[in-house]
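Trainee: Hi! Could you walk me through this one? I'd like to begin with the strands.

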Amino acid sequence: MTIRNLQEVAAIPKSEPPLVSVKDVGKTYFTGQSAVHAVASASLDVRRGEFVSLLGPSGCGKSTLLMMIAGLEKPTAGSIDLLGSPVLAPRRDIGIIFQDATLLPWKSAMDNVLFPIRILKLPVHKYRQRAQELLDMVGLTGFEHKKPGELSGGMRQRVAICRSLIHDPDILLMDEPFSALDAITRDQMNVALSEILETYRKTVIFVTHSIREAAFLSDRVVVMGGRPSGIMLDMPMPFARPRRFEVEETVEFTQVCRELRLTIEAAHGHASSNHAAPKGAAVIE
Ligand SMILES: Nc1ncnc2c1ncn2[C@@H]1O[C@H](COP(=O)(O)OP(=O)(O)OP(=O)(O)O)[C@@H](O)[C@H]1O
């Protein structure tokens, strides 16, 4: 089982082909008589070890793009390659985390983490130690035998993160994983996720409404928006790693967040921050 560390990632040459390649992808949903153009033409490359956030207001197609990368929705235009092969269906080299932890309520935290191993018909005993290491890393030592109902929302989401990592996927897709948590727990989860990724370095595509969350976690932030929706901005985050809360108190962080916010507002025809937030952009924190 490979555990990639930061030094290894830093050593990945920029010339290496992207791990995820989204080319001119579009998605139109047809429901009865009407058509919804969820994503117009989106192109995006993600390199191995990168953390890329998809940021934008409600309804701009972030989840749709993520679900297409996961192979859970089919594009109506363009193509998506993962590790050099086209995505045609859900794949084992991907781990997915949704807003709701969706744990099995009758199973313990340990058994929930090991669940993908059972589904994949791999030998469970070989993965117990890794499951324990993951639970230890997210601060759940001593909670292995608790059922989801006995855990807090933040704890359940930590179990879900462990579950997504247990089979050592190359890519993690995360759809607003912390948006149901209170602000303090959410901040703690952001730091916990950063720490996890410093050890179990993965390629991550992360959907969020939160500018600060995107800026804190990401190597690049991709802003989606416009009508029809596409990619408005692809911006590298200039903050050194490892990152701790203090980065959010820097002038540079505030400037980056401002630029992201202005791009989102411009996408909605509101270039000035003095305007009231447009419908749809009201969800941006
Ligand atoms: N299964 C579906 N059938 C029809 N329309 C859909 C479907 N899924 C999404 N849509 C529409 O596609 C558009 C994009 O939705 P999507 O959920 O991808 O946006 P989003 O940016 O992730 O929004 P949110 O942040 O609120 O989750 C919306 O107009 C939505 O109503």
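Trainee: Which residue is the bridge partner of Ile97 in strand 7?
Mentor: Met174 is the bridge partner of Ile97. Strands here are DSSP E runs of at least two residues, helices are H or I runs of at least four, and both are numbered from the N terminus. This is a predicted model, where local features need pLDDT of at least 70 and side-chain atom pairs count only at pLDDT 80 or more, while totals for chains, interfaces and linings use all residues. Residues are numbered from 1 along each chain as its sequence is written.

Trainee: Are strand 6 and strand 7 parallel or antiparallel?
Mentor: Strand 6 and strand 7 (residues 171–175) run in the parallel sense, with four bridges. Two strands pair if DSSP finds at least two bridges between them.

Trainee: What order do the six strands of the open sheet take?
Mentor: The order is 6-7-8-3-9-10, with mixed pairing. Strand 6 (94–97) and strand 10 (230–236) are the edges, each pairing on one side only.

Trainee: Switching to the ligand, which residues come nearest?
Mentor: Tyr29, Ala38, Ser58, Ser63 and Thr64 come nearest, out of 13 residues around the ligand. To be near, a residue needs its C-beta atom, placed from the backbone, within 6 Å of the molecule or strand.

Trainee: And which elements give two or more residues to that shell?
Mentor: Strand 1 (20–31), strand 2 (34–46) and helix 2 (62–69) do. Helix 2 provides the largest share, three residues.
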